[in-house]
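Please open the model in your viewer and keep the sequence panel beside it. The stops below go from the whole chain to single residues.

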Amino acid sequence: MQETAESVAQLLRDARIEKGWTQGQLATELGTSQSAVARMEQGKQNLSLRMIQRLEIIFGRSIVNVGAPATTKMTHLRVTGGHRLSGVVDVNSSKNAGVALLCASLLNHGTTTLRRLARIEEVNRIVEVLTSIGVECTWLNANDLQIRRPAVLDLESMDVEAARRTRSVIMLLGPLLDEHELYRLPYAGGCDLGTRTVEPHMQALRQFGLSVEAHNGFYAVQAPAADLEDRTFVLTERGDTVTENAIMAAAHREGATVIRNASPNYMVQDLCFYLQGLGVQVEGIGSTTLTIRGKARIDTDIEYAPSEDPIEAMSLITAGIVTDSEVTIRRVPIEFMEIELSVLEQMGFQYRASAEYTARNGHTRLVDITTLPSKLKAAPDKIHPMPFPGLNIDNLPFFAVIASCAEGSTLIHDWVYENRAIYLTELNRLGAKVRLLDPHRIDVEGPTRWRAAEIGCPPALRPAACILLAMLAARGTSELRNIYVIERGYEDLAERLNTLGAEIEYFQD
C-alpha cells in the first residue's frame, strides 16, 4: 500500500509540474488546501476514488488504472442505509441557470465571471463545447468561472462528442443567432425522457428569421440578417429553455421584442438579471410577458452569481423525509418551493423555516428549512406539475419517494414526459409499491419497508436521484451502478449526504 501511495504521489507531482502549476494553484482547482496537496505529493494523504477522478479530469491523464481503461470505467455508489441523518447542508447554485448563463456568455464580448457555478458534468460538457470554439474558460477557484470569447467563434471546430452528451446544446441557437451566415450544430443529447421536440425552439427563433434544417445528425443553421424591427410573438409551449433561447436571440436585436406565454421560472429569471447587468433592457421578469430591448454589441465586464437550485433543495429535503431525520437545508429558494412545501404540509410534513434573506444575485428570496420527523399520509389529491408558479416539473419525481413513506395511496401524474414515470417503478426493487397506470401516471402505496438492492442507474436524472435517496432508508448495503446521469445534475451529492451522516462510497469495477 505504501508503494502504491508513493507511486501515485510521484505521478501527481509530475503531472502538476508538467502543467506548470504550483501546489497552491492545484489546491485552488481541487478546492482544498496547499498543505493537503503537499501531503498528497508525499504519499501521506488518503486519496478517495472521487479525488482521484478529479485529478484525472484536471490533468487529462490516468492517475490510477485498475482493470478497464479509464475511458471505459463506470463509477458506482455503495450505500449502507437505515441511518438517521443530522446536521446542516447548503444548497448549491442552480444547474439549469448555470447552463443558460454559460450559453448567454457568448453574447458578451467583455469578460463574464460566474461566481459559485455548479461544477457538474452538464456544466463541464458546455465548457468543453465553448472551449472547442475558441472561448477562454478559466476556473479561478473551485467554483468561479471566468469566460472570455474571441472576436470570431470557430464553430467548425466544435467538440461534437461533448455537444451530443448534453441537451443544452440546443440553447446555443439563440446567442449564436447571427454569429455566422451558415453553420452546423450537433443534435442535442442528455436524459432519455422520450421525444422532447425541438420544434418549439424553432418556432420561437423563426420569429427572428433564423432558418434551421435537421439532417444527418446536425442542425443546419442559416442566420438571419440584422434588423431593428419590433416583434411580438406567443410561445406555443411555455418551456424554460425555449423561453431562454428566445430571450438570448432578442438580446442582440435593438428593436423591442415582446414574448408572451414566457416561462417565469427560476433559471429564466437568473438569465434576465444577468442580461440586465450587460445593459439589455428586460421588463416583466417573473411574469409570462417579457419585453426585451437588446443591443447590437455587448461588451461589458460582469460578475454574476446564479441563485440556488430549488431541485437540489427538494432533493435534500427528501433525504431528510425518507430517513425520518432532523436536517437543516440552508439557502432554499423559497419562492420556487412554496407549492411543494404546501403539498408536503398537506401530507403531514413538519418543518421549521427561518426568516427570508436575499441570494447573492440580489433578487431571489432564500430561507433555511429544517426537516422534522413526521408521520406522513397520502396526498388528498393527485400530485402533478405545472409551469411556475406551480409545482416544478423536475421536483415531481421526489414525491414518489415521499409518497412511499406515507400511509395510503397517492396518484402522481407526470404529464410532461412520456416515459419518465416508468423509471420510478425501479423503487419497487427497494421495497416500494409503485404501480404504473400508463406512461404518465403512477399509483404509490405506502408506507414502505425499504430493503437493500443493486440497481442500474436509469438514464433520467431525477428518477436516478430518487433511487439514491430511497437507498438511504433501506437497511443493509445497496449498490447504484453507473451514476454518470446523477453527476450531470448534482455536484458531489453523495459526499454532501455523507456530511449529514449517510454512508455512501464510490467504487469502480
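What radius of gyration would a compact globule with 509 residues have, and what does the protein have? The rule for a compact globule, 2.2 Å times the number of residues to the power 0.38, with the radius taken over C-alpha atoms, gives a value near 23 Å for 509 residues, and the protein has 23 Å, which agrees. Before going further, note that this is a predicted model, in which local features need pLDDT of at least 70 and side-chain atom pairs count only at pLDDT 80 or more, while totals for chains, interfaces and linings use all residues. Residues are numbered from 1 along each chain as its sequence is written, and side-chain values use heavy atoms, with hydrogens and water left out.

**The whole chain**

Show the C-alpha trace first: taken along the principal axes, its atoms fill a box of roughly 65 × 60 × 50 Å. Switching to a cartoon brings up 17 helices and 23 strands, which are DSSP runs numbered from the N terminus (helices H or I, at least four residues; strands E, at least two). Of the 509 residues, 57% count as buried, where buried means under 20% relative accessible area, exposed over 50% and partly exposed in between, with a 1.4 Å probe and protein chains only. Contact means heavy atoms within 4.5 Å; among contacts between residues at least 6 apart in sequence, 74% join residues at least 24 apart.

**Helix α5**

Select residues 95-104 next, which form helix α5. Why is this helix described as largely enclosed by the rest of the structure? The description holds because 10 of its 10 residues are buried, and among them are K95, N96 and C103.

**From R39 to E213**

Go now to helix α3 (residues 34-41), where R39 lies; with a relative accessible area of 34%, R39 is partly exposed. Drawing a distance from R39 to E213 gives 55 Å, C-alpha to C-alpha, for a pair that is 174 residues apart in sequence.

Select N261, in the loop between β10 (256-260) and α10 (266-277). This asparagine has a positive phi of about 60° although it is not a glycine, and at 22% relative accessibility N261 counts as partly exposed. Most residues other than glycine have a negative phi, and most peptide bonds are trans.

Within helix α10, select Q269, which is buried at a relative accessible area of 9%. Which residues is Q269 in contact with, leaving aside its neighbours within four places in sequence? They are P264, I285, G286, E335, F336 and F388.

Another cis bond runs from G446 to P447, with omega near 0°, and P447 is found in the loop between β20 (441-446) and β21 (454-456).

Finish at D324, in the loop between α11 (310-322) and β14 (326-333), which has a positive phi of about 55° although it is not a glycine; at 27% relative accessibility, D324 counts as partly exposed.
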